[in-house]
Amino acid sequence: MSEIKLKELIKNFGGNSIAVDNLSEVFPDGEFVCLLGPSGCGKTTTLRMIAGLETPDSGEILHGDKIFFSSKTGELVKTENRNLGLMFQSYALWPHMTVYKNIIFGLDMQKKTSEEKEKRYLELEKLFHLENFRDRYPSELSGGQQQRVALARMLAIKPSLLLLDEPLSNLDSSLRLEMRSELKRLHQSIGCTIIFVTHDQMEAMTLATLIAVMNNGKIEQIDKPMEIYNNPKSLFVAKFVGSPQMNIINTDKDKELALCLSNKLNIQKNSVKNFGVRPESIKMVKNNEGDINAIIETIQPTGADWIIGLNIFNKSLFLISSDHPIAKENESVGVIFKSEGCHSFDSQDLRIHKN
Ligand SMILES: Nc1ncnc2c1ncn2[C@@H]1O[C@H](COP(=O)(O)OP(=O)(O)OP(=O)(O)O)[C@@H](O)[C@H]1O
Ligand SMILES: [Mg+2]
């Protein structure tokens, strides 16, 4: 097991924008890394280059001290020689093979003995709770069971690196939750490096030990999930992680609100282009008892929490709270900004301040 190192990796498919733009990054050994970002930002292309399914235009990919690809030396290791476990959105099992045959497929390719195959199968059967399914065909399994077989098949050859591209996106929400815990458990028990692509920030927050937020073919920030959430380095990262999204207050367009925040946070407004306030950092109090007054626009109960839409000088903001709302729609309330969830960003959209 060892780290994955990307050096000045470039992939251009010839369109207007570059898919992966001079990417240099290290994914340390044993981490569960989520590549997170909007559609088209280059996540799949990055993963496919690490897998050897796409050849970079230039740069280097290293796994420990093993060179997978180098445009300098011309080295290129084939996918089958990279010792990877791969799983994509369509994880299609072989329909004409039983669960047993599907799982030992890679071992068959490696010409392992019957004893070796049986031993490994029994280990995987136990790990993925697949007892009783040995002789069934994929069509006789539920979606979640099929996914577990696909994971077992991927792990059969004991890969030192797992590459997963949105493998849970075809599942309904309860199965996704189940598979997320399965993957987390798997990572804790086998400890190999996992690179997991998703555009679902919730999935990244719950699964990853490290989140790499991608934008326009580059990684904007790589950090532990809570660090990404609490200390986003840029406006892009701040907006991408969190639901409801961070409220963004522009110092030109939302002057009154920006003035209130700069007074409250004791920051010189001149250097700030945008303030960012997490929804859970806004508290409702009685009218005239807060930093500023607001009108309640909407009240949305989610069960555990309330998402409240507020209007302050024609700017809409969202707050989230587990407290029952103290007023009704169209009524006026006071609002307090808690400084720990307030950020400010400069004209380059980089964070300049956090309390
Ligand atoms: N084979 C290809 N030929 C041409 N352009 C491609 C090819 N594959 C990807 N691209 C382009 O490269 C960019 C990055 O694509 P990529 O598939 O890596 O995005 P992604 O982050 O995985 O997006 P999504 O979340 O939608 O899967 C996109 O602009 C895409 O259109
Ligand atoms: Mg993709």
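Student: Let's start with H5. Which residues are buried in H5?
Tutor: In H5, Gln146, Gln147, Arg148, Val149, Ala150, Leu151, Ala152, Arg153, Met154 and Leu155 are buried. Buried means that 20 or more other C-beta atoms, placed from the backbone, lie within 10 Å of the residue's own; exposed is 12 or fewer, and partly exposed is in between. One caution: this is a predicted model, where local features need pLDDT of at least 70, side-chain atom pairs count only at pLDDT 80 or more, and totals for chains, interfaces and linings use all residues. Residues are numbered from 1 along each chain as its sequence is written, while chains are lettered from A and ligands numbered from 1 in the order in which they are written.
Student: OK, and why is H5 described as largely enclosed?
Tutor: Ten of its 13 residues are buried, so the rest of the structure largely encloses H5. Helices (H or I, at least four residues) and strands (E, at least two) are DSSP runs, numbered from the N terminus.
Student: What covers those buried residues?
Tutor: The cover includes strands E6 (84–87) and E7 (161–165), plus helices H2 (99–103), H3 (105–109), H4 (114–127) and H6 (173–190).
Student: How many bridges join E4 to E5?
Tutor: Four, with E4 and E5 (residues 66–70) running antiparallel. Strands pair if DSSP finds at least two bridges between them. His63 has Lys66 in E5 as its bridge partner. The hairpin has two residues between the strands, and Gly64 there takes a positive phi near 60 degrees. E4 also pairs with E1 (residues 4–11), antiparallel over five bridges, and Lys5 stands opposite Leu62.
Student: What's the strand order in the open sheet of five strands?
Tutor: The order is E13-E17-E14-E15-E16, with antiparallel pairing. E13 (282–285) and E16 (315–321) are the edge strands, each pairing on one side only. Inside the sheet, E14 (residues 292–301) and E15 (residues 306–312) share six bridges, and Ile299 is partnered by Ile308 in E15.
Student: Last one: where are the domains?
Tutor: Domain 1 spans 4–235 and domain 2 spans 247–354, with bounds from an automatic or database domain assignment. Their C-alpha centres lie 39 Å apart. Five residues of domain 1 are in contact with seven of domain 2, where contact means C-beta atoms, placed from the backbone, within 7 Å.

Methods. Two residues are in contact if their C-beta atoms, placed from the backbone, lie within 7 Å.
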